[in-house]
Amino acid sequence: MDYESDLLMQKVRFIMESPSERSRYKNLESFQEKLKFIKSHFVMSDMAVRLLERQYLLTPGRQEELMNKVDSIIASIEN
């Protein structure tokens with residue numbers, strides 16, 4: 001499962017490497033808006049969206065973990 005998670009986070013990192021996409025994401029206010037942005041992004045395949053849902057969206061604590069990982073990716077790109 002770690003490989004799948006890494007693959008998923010690689011896709012998220014690829015999205016966030018674009019300054020315009022990163023800005024769009026950061027300007028979203030709610031968790032639901034941010035999640036919709038990630039899930040509907042053209043980089044995300046059906047498999048990646050299903051993996052995202054299975055790994056992070058079934059449990060509220062995992063949802064927060066996902067947002068923390070995305071924030072960490074953004075921070076590492078911007079530094």
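**Exercise 1.** Determine in which hand α3 passes α5, and which residues make the contact.

*Solution.* The crossing of α3 past α5 is left-handed, a term used when the near helix is turned anticlockwise from the far one by less than a right angle. The contact (heavy atoms within 4.5 Å) is made by Phe 31, Lys 34, Leu 35 and Ile 38 of α3 together with Gln 63, Leu 66, Met 67 and Val 70 of α5. Sorted by type, the residues of this contact are 6 nonpolar, 1 polar and 1 charged. This is a predicted model, in which local features need pLDDT of at least 70 and side-chain atom pairs count only at pLDDT 80 or more, while totals for chains, interfaces and linings use all residues. Residues are numbered from 1 along each chain as its sequence is written, and side-chain values use heavy atoms, with hydrogens and water left out.

**Exercise 2.** Describe how the axes of α3 and α5 are placed.

*Solution.* The two axes, which are lines fitted to C-alpha atoms over the stretch in contact, come within 12 Å and cross at roughly 65°. α3 is therefore roughly perpendicular to α5, the word used for angles of 65 to 115 degrees.

**Exercise 3.** Find where Arg 22 lies, and decide whether Arg 22 is buried or exposed.

*Solution.* Arg 22 belongs to helix α2, residues 19–26. With a relative accessible area of 12%, Arg 22 is buried (under 20%, with a 1.4 Å probe and protein chains only). Beyond its neighbours within four places in sequence, Arg 22 is in contact with Met 16, Glu 17, Ile 74, Ile 77 and Glu 78.

Conventions
Axes are lines fitted to C-alpha atoms, for helices over the stretch in contact, and angles run from 0 to 180 degrees between N-to-C directions. Helices (H or I, at least four residues) and strands (E, at least two) are DSSP runs, numbered from the N terminus. Angles under 35 degrees count as roughly parallel, over 145 as roughly antiparallel, 65 to 115 as roughly perpendicular and the rest as oblique. Ala, Val, Leu, Ile, Met, Phe, Trp, Tyr, Cys and Pro count as nonpolar, Asp, Glu, Lys and Arg as charged, and the others, Gly among them, as polar. Buried means under 20% relative accessible area, exposed over 50%, partly exposed in between (1.4 Å probe, protein chains only).
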